Amino acid sequence: MGTSADRRESPARSARAPGKDGSPASSTAASDHNGRDLLEMFAAATSWLERNADAINSINVYPVPDGDTGTNMYLTMRATLEEAFHAKSDDAGAVARAMARGALMGARGNSGVILSQILSGIADRLSEKESFSGSDFAEALEAASEKAYKAVSQPVEGTILTVMREGAAAAKRKARRMGSSLKSVLASTVEAAREAVSKTPSLLPVLREAGVVDAGGQGLYIMLEGALRYVRGDTGPPVALAARDPEASWLAATASLHEGAEPSYGYCTEFLVRGENLDSRAILGEMLTLGDSVLVVGDESLLRVHVHTHDPGTALSYGTALGSVTTVKVDNIRTQAEEFVTRPRRHGEGPVARVSTVAVVAGLGLEQVLSSIGVTAIVRGGQTMNPSTEEILAAVEACPSPEVIILPNNKNVLMAARQAAEHSTKRVKVVPTTSLPQGVAALLALDSEAGLEENALAMEEARQMVRTAEVTRAVRPTLLGSLRVRRGQAIALIDGQLKVAEESLRGAVCASLRHMVRPDSSLITLYYGADTSREEAQALADDLAREYPSLEIELVAGGQPHYHYIVSVE
Amino acid sequence: MTVRVVTDSTADLPPEVVQELGITVIPMPVLFGDEVYRDGVDLSSEEFFERLTTSPVLPTTSQPPVGVFLETYRKLAAETDEIVSIHITARGSGTCESALQAANSLAGSPRVEIVDSESASMGLGFQVIAAARAARAGASLDEVIAAARSVCRRVHTLALLETLEYLRRGGRIGRAQAFLGSVLNLKPLITIRDGVVHPVARVRTRARALDQMLRYCMACGDLEQVAILHGTTPEDAKMLAQRVRERLPDVPIYVGRLGPALGVHGGPGIIGMVVVEAEKA
């Protein structure tokens, strides 16, 4: 069937003639789609998802700046596609399995993990098939739905699960009745998914109150729509890149920029710019004045930029002057070389604990806090606390001990942490910490001479003794229960529940404390974030000391993104 | 002829007990710059802790000179042929070494056996008391030593510090070095095991740390004796003693003050608990 290069370049499958309108073959012959089709369908779905990622992020139920379902699903799909491209196969089963593998390791956030289970279900059903028909795909969607439900310990309707289930049901109905073209099956799926998404507020009260549909469900619907667009041939304007394997070639290009012999300094800065009449040459020239290792790819409406510079701020400002900047990534090149694992300072001859600990953290100060308590390894959560399963797994495997405890420190990292635990060669437990203060308490409970079970128990007990408030500004208005929130108001999530909306950040902190402080409380810790000045934080701490004279107040520079204050009470 | 028991002032023995059991206590030198004080003789615990916080120079301790041991043993030789000399952990002090040198130079007359308590404060003190009681009851040299060793195996120490700074600067931080460098203000709990300081836990507030101390000690099994020692916080010591008394009404509890020798290394705010497990039948 020609060399792999041929297969990659020619859009039409050599075994069939393209349809008259130039769209991919859409005959009603059964089993006429192979691995290549499957991959291209999902690549199109991912492209479409990427274009809409921001929109999906913005409908996160809680109006917090790090609501990132869209990004998480996109990143999960990116990892999925990378693995599938490497498979270089026309065999549908092989591609499906590769996708499932990629998704499993690359899954970020709870939505990413559920997506990986969906892909796993599809792979299960297509595993033995070299090519598949519309009805095969319908069955695969059904398997995907079942697997997705199984992945969640307490399935909730009105989420991505509902959308998956109803989409799969519609697919199966179509496949039974009207013959099995992939196009018609997909069309029914997308129709049903759209319906299901719009129904989610009626199933989940918190969505109705917030005035949004479910973000994960929306993400899935958009992916299915992207796949349908591809199968129909409405490709629309090309997204970002000219090459057939967009992600692979981007990664290859930028990877080669990191392989130079000279150690690089400064920040590896990447971003997307969406605009009109974008001039890639001009942007290239501009970036070259800021640094080196420049790569600019795309067209006049969407450009992807990569540069190594000491001044990422200027690079980004240049971008925002041209259009809307998204998917920003800024990494310190020196520390990027250490990948995702940071080893804490060893304090001389400290005893090596029997059980190693891996904690997910976002914020340099918070990293230091945990390092100084003796965490074994840190996984950087990034701007939106969304490390992939693989990143967590790598940290676990790198630990010196055969027994490891993972502290996710965020609700949205829990599933990825559990996946990592399951796939590790070591004995691993996840202590389900949902905030950094819980992580601190758990870590302090570590007994360096006790074993895995004993420590997991002690850490679980310890984390329950802390109450946490996360204070930030609302990125959009919302209504939760009787709480009406305006955009820009200072809000606080108390142990994950939005309970406070005030005009000022101080006000939100004080209101949170009124919720959290009890007669037996003895300590308030105030971790101030990257957006808060030390002076401001100190002034607040001084006020709190006056208001709560019988409690100790501890002020810590956390450096966390988005959350101006993280407050804990014990 | 009864065996005589000798120890050093780091044992933090209550004066009445010293008197009653005829124990000989050799004072540790405490140095503030070039001023040398003898712990318990020229400098009381109270005076020491007051000076600790105001002194511009950090005080240090040193082992008693060999000559002092010699003098002590020679004086006791008038009353006995056999002496058991029990001292602070050899891994934290040169005291046992000095004692041994003195003993060797006496060439068996009197016979002096040196015992490394592998502990400090009342961890040492309880061993001394057991030895002295046995000696009082007419035990042989070997039996006296055995009595001390028996307690050595059953003693547990726990100390709460306000800071690790003093331990670190005095060079006795041992394995608790692992606790250094915390960003958070954590109160360290340490123990002495195999003669060396070991880390036990770090707690976020003193109140919680005191709770934890109580729990750890209660978890040591059936207790025969308890001692609670403080440096500058008598109220905390009293409170702890009260809580122990509630749980163990029949166990003798001694509340006292940590001597300067240990105060140098623990710093103000130090509070210690020593318990002796009952012998298993």
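Visitor: Which radius of gyration does chain B have, and why does it agree with a compact globule?
Guide: This is a predicted model, in which local features need pLDDT of at least 70, side-chain atom pairs count only at pLDDT 80 or more, and totals for chains, interfaces and linings use all residues. Residues are numbered from 1 along each chain as its sequence is written, while chains are lettered from A and ligands numbered from 1 in the order in which they are written. The radius is taken over C-alpha atoms, and the globule rule is 2.2 Å times the number of residues to the power 0.38. For 281 residues a compact globule would come near 19 Å, which agrees with the value for chain B, 18 Å.

Visitor: What share of chain B is buried?
Guide: A residue is buried if 20 or more other C-beta atoms, placed from the backbone, lie within 10 Å of its own, exposed if 12 or fewer, and partly exposed in between. Of the 281 residues in chain B, the buried share is 50%.

Visitor: Is Lys329(A) buried, exposed or partly exposed?
Guide: Lys329(A) sits in strand E6 (residues 324-332) of chain A, strands being DSSP runs (E, at least two residues) numbered from the N terminus. Because Lys329(A) has 15 C-beta neighbours inside 10 Å, the class is partly exposed.

Visitor: How many residues of chain A are in contact with chain B?
Guide: Contact requires C-beta atoms, placed from the backbone, within 7 Å. On the chain B side 14 residues take part, and on the chain A side the number is 18.

Methods. Two residues are in contact if their C-beta atoms, placed from the backbone, lie within 7 Å. Helices (H or I, at least four residues) and strands (E, at least two) are DSSP runs, numbered from the N terminus.
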